[in-house]
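Here is a short report for a reader new to this structure. Look over the sequence and the fold, then read on.

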Amino acid sequence: MLKQYDVLILGSGTAGQSMALRLADSMRVALVTKRELSDSASNWAQGGIAAVLDTADSVEAHVRDTFVAGAELCNPRSTRLVVENGKRAIDWLIDRGVPFTREADSRLGYHLTREGGHSHRRIIHAANATGAAVQSTLGAQVSAHPNIDVFEHHIAVDLVIGDKVGQPGAGCLGAYVLDIDADRVVTFAARNTVLATGGTGKVYLYTTNPDVATGDGVAMAWRAGCRVGNMEFIQFHPTCLYHPHAKSFLISEAVRGEGGLLKLPDGTRFMPDHDPREELAPRDVVARAIDFEMKKRGLDCVYLDISHKPAEWLRGHFPNIYRRCLELGIDITREPIPVVPAAHYSCGGIVTDLAARTDVPGLYAVGESAFTGLHGANRLASNSLLECLVFGEAAAEDILSKPRTQPPVLPDWDESRVTDADEEVVITHNWAELRRAMWDYVGIVRTTKRLLRAQHRIRLLASEIHEFYSHFRVSNDLIELRNLVVTADLIVRCALKRKESRGLHYSNDFPETLARPRDTILRPPKARRSAQG
């Protein structure tokens with residue numbers, strides 16, 4: 001069951017697909033995705049991509065906005081790398097055929113919108129479904145490329161590290177991957193492996209993320225010996241649609257950028273009481289304000305009102321939001337939208353350099369699974385897809401610059417000592433308990449007591465899950481649960497180490513912000529388990 005490639009990419013979002021296309025003219029690429037090719041957080045991205053495209057804007061302004069939103073914790077080198085390469089990344093997408101929304105009267109020829117935290121209009125978009133437009137365009141080209149093999153319904157179990165398979169010092173040599181439909185583990189061998197596995201949102205009870213966002217890349221990299229950083233900074237999107245039949249549907253930042261107002265049930269605005277930037281404040285500020293008002297007044301939700309805009313304009317600028325809300329009986333041209341905060345984006349992840357290299361040779365991380373330092377303590381709206389593109393290009397260039405060698409020969413997955421699971425309910429129960437504990441104790445506002453309570457429960461769950469994993473054959477749910485509990489533990493450990501409030505991490509016990517911004521870096525124990533245990 002050995003498959004050999006030059007490059008193995010785990011994840012099919014914008015980072016994974018753009019990398020595959022940049023590499024495939026010269027190398028054989030395997031693109032592994034847990035569900036369908038289009039099933040990723042990138043595909044759900046509504047707002048757009050931030051880049052300096054207008055002559056009235058500047059690189060310095062975009063860098064400054066990023067630092068302000070990131071609570072001065074952003075890495076200067078990675079921030080400048082991303083911002084300076086923004087226009088080139090957009091030009092690459094346009095050349096690929098991405099249908100960004102045009103505007104005949106503008107010098108650029110495309111409509112630019114503005115979102116919270118930005119000092120200029122710099123968000124290029126495709127109506128309010130930018131991610132879907134990018135994914136569908138790139139996805140069609142990925143599927144058609146003769147050097148890219150797409151493996152849908154496959155989930156990585158773990159990375160293959162040379163030290164554990166009799167090839168000391170060889171770094172990462174590929175991954176063991178479960179073919180979900182065939183219910184068998186396949187060995188993928190590659191000299192270059194890319195973690196483009198997305199975020200960690202499903203570690204929380206309420207999230208805007210798709211079901212595939214289970215922290216797989218972070219957990220696998222940690223087990224392989226990679227450092228992780230700033231996992232405490234979980235961005236809660238302030239405006240997720242609140243409706244019993246709407247799962248994980250977010251109301252784009254652009255709605256506030258275009259004049260949407262946040263209101264209490266009686267129609268009173270509240271953001272002016274919380275921040276001088278009002279509705280255009282960064283997401284962490286808005287999310288805490290909503291959380292404060294909901295807890296103070298015992299509310300189930302607040303309301304985002306943009307009904308004062310012309311109906312035809314709303315239908316043209318926010319067609320997906322208009323359509324989805326209307327399906328649920330909410331006409332955004334006439335009434336406000338009920339919203340609540342929900343876990344949305346992880347600013348931390350696997351520590352990488354400016355070429356997206358991790359601590360393990362041959363292993364790269366791009367997109368939301370990576371910690372590049374760009375986002376600091378809070379991601380500036382619409383910087384995420386740009387990061388995927390710029391660091392995806394940097395990683396591809398680094399891989400292409402290396403001498404091309406034959407893929408390694410690796411041992412098959414060994415399941416001779418395990419049996420079929422006898423009680424799948426254990427997985428379901430632990431999954432629910434973990435996500436509830438994270439939501440209750442590691443949410444928007446934190447305390448040391450709550451964090452310690454979460455840590456205690458997470459470690460009890462981790463012990464149960466490891467016991468289950470050690471004795472039974474792997475399944476999709478078990479793999480995801482194993483990764484989620486590792487990710488949850490890393491989030492809590494990082495949160496306990498930060499003795500201040502900064503950006504997305506707000507602690508009632510440490511409400512002040514320290515004068516010197518510092519990253520929270522966790523280093524794994526030197527002795528790691530083998531890839532299969």
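Glu 293 is buried, at a relative accessible area of 3%. Buried here means under 20% relative accessible area, exposed means over 50%, and partly exposed lies in between, with a 1.4 Å probe and protein chains only. Arg 297 is partly exposed, at 42%. The two form a salt bridge, with their closest N and O atoms 2.7 Å apart. A salt bridge is a side-chain nitrogen of Lys or Arg within 4 Å of a carboxyl oxygen of Asp or Glu. Both residues lie in helix H9 (residues 283-297), 4 residues apart, about one turn of the helix. Helices (H or I, at least four residues) and strands (E, at least two) are DSSP runs, numbered from the N terminus.

This is a predicted model: local features need pLDDT of at least 70, side-chain atom pairs count only at pLDDT 80 or more, and totals for chains, interfaces and linings use all residues. Residues are numbered from 1 along each chain as its sequence is written, and side-chain values use heavy atoms, with hydrogens and water left out.

The structure holds 37 salt bridges.

| Pair | N to O distance |
|---|---|
| Arg 297 and Glu 293 | 2.7 Å |
| Glu 312 and Arg 315 | 3.0 Å |
| Asp 158 and Arg 223 | 3.1 Å |

Glu 312 and Arg 315 sit 3 residues apart in helix H10 (residues 311-317), separated by about one helical turn. Glu 312 is exposed at 58% relative accessibility. Arg 315 is partly exposed at 31%.

What do Asp 158 and Arg 223 tie together? Asp 158 lies in strand E7 (residues 154-161) and Arg 223 in helix H7 (residues 216-224), so the pair joins parts that are 65 residues apart in sequence. Asp 158 is buried at 2% relative accessibility. Arg 223 is buried too, at 12%.

Salt bridges also link Glu 232, Arg 498, Glu 500 and Arg 502 in a network.

Helix H1 (residues 14-23) has 10 of its 10 residues buried, so the rest of the structure largely encloses it. Among the buried residues are Thr 14, Met 19 and Arg 22.

There are 6 cavities of 30 Å³ or more. A cavity is a set of points, on a 1 Å grid over the protein atoms alone, where a 1.4 Å probe fits but cannot get out; lining residues have an atom within 4 Å of a point. The second largest cavity has a volume of about 70 Å³. Of its 11 lining residues, the closest to its centre are His 125, Ala 127, Ala 254, His 317 and Phe 318.

Note on methods:
1 Å grid on protein atoms, 1.4 Å probe; cavity = no way out; pocket = protein on both sides within 12 Å on 5 of 7 lines; lining within 4 Å. Points joined across faces, edges and corners; volume = space filled by probe spheres on them.
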